[in-house]
Amino acid sequence: MMWSNFFMQEEDRRRAAVGRRRAQGQQNLGLTPEHEGKIKLVLLLAAVGATLAVLAVGTEFWVELNTYKTNGSAVCEAAHLGLWKVCIKRLWQADVPPGRETCGPAELPGESNCTYFKFFTTGENSHIFQRTTKKDINLAAAVIAVLGLTAMALGCLCVIMVLSKGAEFLLRLGAICFGLSGLLLFVSLEVFRHSVRALLHGGVSPETPPAPRLAYEYSWSLGCGVGAGLILLLGGVCFLLLTLPSPPWGSLCPKRSGPTA
């Protein structure tokens, strides 16, 4: 009888110890208020980058193409284009700043005609001021930008799961997704820049009238893309730092011990 009571007490102690360890493990899986606040702060930063990225990809003010003003004409033509469509505008030369040699800027009021690129619908190249687009380069820039937005959305989903479900292991995956989305946006910008150069220096069809001289300048949509890429990269690095077990500078700055009596 004495031995049976002894074994029952030992079994109860083991069960209690296992219960305490499980409870402690569940508490460790949860986020501390300080850590959760840091994650929310970085998520707010990443949301700013995501907004700029969507604004950049969805608008068509990546680059402006301007013809040179001609004497004796009351109108001139300019264009602005992005990843998906191009807008040709006829502007009054009286509205163009006097010291400007080219037509524009494209924000001036005038008659506008916006169309989506043909290679998204019929698979054909488009023609802008008697110049032919390089559809392979344009399609590559658009696809890379969409992949960047997809990676950004996956990063947001991972961080939301961390905050709502306490799945802290997803934070590193979210950091990788945000960093990847920033890099993909930069690659898309570079590919688009090559597509603009290919358009300007590409061949002109002999069946069309002589192509006018063009000047180009990058516009605010491309600036939003650059800003979005930088912010998303910064957000990815910050999320990655938050996954570290302790701040990397903790070993360099040891805590001072309190005064001893």
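Colleague: Why does Lys40 count as partly exposed?

Modeller: Lys40 has a relative accessibility of 45%. Buried means under 20% relative accessible area and exposed over 50%, with partly exposed in between (1.4 Å probe, protein chains only), so Lys40 counts as partly exposed. Please note that this is a predicted model, in which local features need pLDDT of at least 70 and side-chain atom pairs count only at pLDDT 80 or more, whereas totals for chains, interfaces and linings use all residues. Residues are numbered from 1 along each chain as its sequence is written, and side-chain values use heavy atoms, leaving out hydrogens and water.

Colleague: What makes the contact of Glu36 with Lys40 a salt bridge?

Modeller: The closest N and O atoms of Glu36 and Lys40 are 3.4 Å apart. The rule asks for a side-chain nitrogen of Lys or Arg within 4 Å of a carboxyl oxygen of Asp or Glu, so the pair qualifies as a salt bridge. Glu36, at 24% relative accessibility, is partly exposed. Because Glu36 and Lys40 lie four residues apart in helix α2, about one helical turn separates them. Helices (H or I, at least four residues) and strands (E, at least two) are DSSP runs, numbered from the N terminus.

Colleague: How many salt bridges are there by this rule, and where do the partners Arg90 and Glu77 lie?

Modeller: The count comes to five. Arg90 and Glu77 meet at 3.8 Å, N to O. This pair links distant parts of the chain, with Arg90 in strand β3 (residues 85-92) and Glu77 in strand β2, 13 residues apart. Arg90 has 38% relative accessibility and is therefore partly exposed; Glu77, at 30%, is partly exposed as well. Another salt bridge joins Glu190 to Arg193 at 2.5 Å, about one helical turn apart in helix α4 (residues 170-201).

Colleague: Why is strand β1 described as largely enclosed?

Modeller: Five of the five residues of β1 (residues 63-67) are buried, so the rest of the structure largely encloses this strand. Val63, Leu65 and Thr67 point one way, and Glu64 and Asn66 the other.

Colleague: How do you know that β1 pairs with strand β2 (residues 75-81)?

Modeller: Pairing requires at least two DSSP bridges between strands, and four join β1 to β2, which run antiparallel. Strand β7 (residues 214-218) also pairs with β1 in the antiparallel sense, over five bridges. Leu65 stands opposite Ala79 in β2 and opposite Tyr216 in β7.
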